[in-house]
Amino acid sequence: MLRAGDTELTVRPDQGARLSSLRIAGTEVLRQGDRYGSFVMAPWCGRTRDGRFTDGGTVHQLPRDAGPHAIHGTVRRRAWRTVRADAGSAAFLCDLTDPWPWPGRVTQLVELAPDGGGLTLTLGVETLGDSFPAQAGWHPWFLRTLAPGGRDVEIGFTAAWQEERGEDHLPTGRRIAPEPGPWDDCFGMPDGVDVTLTWPELLELKVASRAPWAVVYDEMAEAVCVEPQSGPPDGLNSAPRRVTELEPLEISTTWTWRSLAP
């Protein structure tokens with residue numbers, strides 16, 4: 001457990017280096033139970049259509065674990081190694097192995113702000129040999145309400161576009177003007193992800209990243225998701241980012257918060 005100020009953050013290296021709990025002044029912010037905390041998506045984010053992608057003319061098949069599709073990468077349920085840890089930060093590592101076609105590793109650095117008013121997460125995807133396409137990001141489950149009888153969270157953001165979503169929940173390749181929720185949709189934010197979650201009269205939490213993409217999901221009764229990521233769903237096919245020995249994939253997100261209690 002990491003501590004700073006009145007914030008306590010629990011990370012589970014045995015569960016994909018997942019943030020399993022974030023307590024701010026004694027209030028849990030992340031959902032608990034079967035879909036809980038915040039997990040790492042790598043080496044791809046969201047769904048890969050039919051579990052297949054092409055690289056250099058070679059078709060690669062991934063395990064299909066979301067109906068006909070492959071979802072959220074390979075490391076979210078793996079045991080990670082703790083590289084270092086102190087009171088306010090920790091670093092973790094997971095090797096990329098089968099079913100991913102190339103050897104590599106994923107790293108995550110977790111850092112609490114010294115005053116307990118925020119945290120920074122940094123992911124790296126590295127190759128241990130040949131170059132490959134990849135994506136990385138986070139999938140947090142934020143609680144819809146923070147107290148019994150409390151008001152629902154409000155999600156505020158401005159996007160340049162929304163990826164049109166097909167019936168299979170994957171982008172069609174067409175960009176449209178952002179539409180009102182409910183959402184299970186990917187938004188383009190070329191100046192960086194900037195989303196504000198507001199629990200009225202309780203807490204404001206901002207999710208920021210230099211990454212230009214975010215999936216926003218609010219179709220679940222208990223939780224909402226704001227997912228900064230390096231590319232859109234099915235991005236191994238539509239917008240791959242090449243990882244080489246000289247250019248690893250790096251992405252970070254910062255969450256900051258302040259109390260709204262009167």
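The model is predicted, so local features need pLDDT of at least 70 and side-chain atom pairs count only at pLDDT 80 or more, while totals for chains, interfaces and linings use all residues. Residues are numbered from 1 along each chain as its sequence is written, and side-chain values use heavy atoms, with hydrogens and water left out.

Let's start with the sheet. Strands here are DSSP runs of type E with at least two residues, numbered from the N terminus, and two strands pair if DSSP finds at least two bridges between them. An open sheet of 8 strands runs in the order 10-11-12-13-26-22-21-17, with antiparallel pairing. Its edges are strand 10 (81-85) and strand 17 (154-157), each of which pairs on one side only. From one strand to the next, the twist averages 15 degrees (axes are lines fitted to C-alpha atoms, and angles run from 0 to 180 degrees between N-to-C directions).

Now zoom in on strand 21, residues 193-199. With strand 17 it pairs in the antiparallel sense over 4 bridges. Two bridge partners to look for are Gly 156 with Thr 196 and Glu 154 with Thr 198. Strand 21 is also joined to strand 22 (residues 203-209) by 7 bridges, and these two run antiparallel as well. There, Thr 198 stands opposite Glu 204. Strands 21 and 22 form a hairpin with 3 residues between them, and Glu 201 in the turn has a positive phi of about 65 degrees.

How covered is strand 21? Of its 7 residues, 6 are buried, where buried means under 20% relative accessible area, exposed over 50%, and partly exposed in between (1.4 Å probe, protein chains only). Take Thr 196: this residue is buried because its relative accessible area is 14%. Leaving aside neighbours within four places in sequence, Thr 196 is in contact (heavy atoms within 4.5 Å) with Glu 154, Ile 155, Gly 156, Glu 204, Leu 205 and Lys 206. The side chains of Thr 196 and Lys 206 also make a polar contact of 2.9 Å. That term means a pair of N or O atoms within 3.5 Å; within protein, one must be able to donate a hydrogen and the other to accept it, and residues adjacent in sequence count only if both atoms are side-chain atoms.

Another threonine, Thr 127, is found in strand 13 (residues 118-127). Thr 127 is buried, with a relative accessible area of 8%. A polar atom of its side chain lies 3.0 Å from the backbone nitrogen of Gly 129, and one lies 2.5 Å from the backbone oxygen of Asp 130.

For a contrast, find Ala 261, in the segment after strand 26 (249-259). With a relative accessible area of 46%, Ala 261 is partly exposed. Its contacts, apart from neighbours within four places in sequence, are Glu 201 and Leu 202.

Finally, look inside. In soluble globular proteins, nonpolar side chains tend to be buried together. A nonpolar core here is a set of buried Ala, Val, Leu, Ile, Met, Phe, Trp, Tyr and Cys residues joined through side-chain atoms within 4.5 Å. The largest one has 62 residues, of which Val 125, Phe 142 and Trp 255 touch the most other members. A second, separate core of 8 residues includes Met 41, Trp 141, Ala 223 and Cys 225.
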